[in-house]
Amino acid sequence: MALTSKQNAAGAGLLLFCLLLLPLVIWGLLYDVSNQQQLVASGHQLIIHSSMHGLAFGGGIFCLVLTIWIAARLIIHKFNLLPLPLEKKLNRLFSRLLLGSFLLMLASYYGVSYYWKNQMAEKGYQSCPATTLLFTRVTYNTWTLNPALCYDSDVKRIVTRGSWNESEQVEQMLQQRARQQEARRQFLLQEEQLKQTRNNQS
């Protein structure tokens, strides 16, 4: 059965969309994996984990299968390459492949998240309770080497969206806080030494 011009146009538009989306999905997956590796290896006091990037692997395969299917259908109908029974078999095959890639998307969502959680736990990180940080971001959670940071007001002020750089901002804030505490300790120590010197002189 020949496709109408509207169906051809819709198929071509969907094919173009998939061809544009596929490189973005692949780039997003590689970018997220690289960022997650760097965060886990960074030794930062608090790191952010997003389970959403686990969808990208299955999503890329889903997009690839859909692209091939649409391209095959357009070519088959353009050049009348297959009889109807074989075309129906081809459609059933791609339908199963799409379902399989969708299931792979769900499996990779849980599988990749499980892998990173194990990696973080091995480095000594603990997950913050869901009600402390990023509780409005369902697919984001925070892991920390110091559980007290989950309740820290300065950390709560920084960690609001779950972006990768918020972990770096928290680390900078903690380093600044440590410098301030050290400066205060040195100041109090000098004051105490001055006080003792004056007492000795009197």
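A nonpolar core is understood here as a set of buried Ala, Val, Leu, Ile, Met, Phe, Trp, Tyr and Cys residues joined through side-chain atoms within 4.5 Å. In this predicted model, the largest such core has 13 residues, and those with the most contacts inside it are Leu-46, Val-155, Val-159 and Val-170. Two or more residues each are given to this core by strand S1 (46-50), helix H4 (153-158) and helix H5 (165-201), with H5 giving the most, namely three residues. Within this region, Val-155 touches Leu-46, Leu-133, Leu-149, Val-170 and Met-173, when residues up to four places away in sequence are not counted. Another core, of 11 residues, lies apart from the largest one and includes Leu-22, Leu-66, Trp-69 and Ile-70. In soluble globular proteins, nonpolar side chains tend to be buried together.

Strand S1 also belongs to an open sheet of three strands, in which the order is S1-S3-S2 and the pairing is antiparallel. Because S1 and strand S2 (126-127) stand at the edges with a single partner strand each, one side of each is left without a neighbour in the sheet. The antiparallel pairing of S2 with S3 extends over two bridges, and Ser-127 stands opposite Trp-143 in S3. Helix H3 (residues 84-122) lies across S1 and S3, and its direction makes an angle of about 170° with S1.

The loop between strand S3 (140-144) and H4 contains Pro-147, which counts as partly exposed because its relative accessibility is 36%. Although Pro-147 and Leu-46 are 101 residues apart along the chain, their C-alpha atoms are separated by 9.2 Å.

Terms used
Residues numbered from 1 in each chain as written. Predicted model: local features only at pLDDT ≥ 70, side-chain atom pairs only at ≥ 80, totals over all residues. Heavy atoms only, no water. Buried < 20%, exposed > 50% of the residue type's maximum accessible area, 1.4 Å probe, protein only. Helix = DSSP H or I, 4+ residues; strand = E, 2+ residues; numbered from the N terminus. Contact = heavy atoms within 4.5 Å. Pairing = 2+ DSSP bridges. Axes fitted to C-alpha atoms, helices over the stretch in contact; angles between N-to-C directions.
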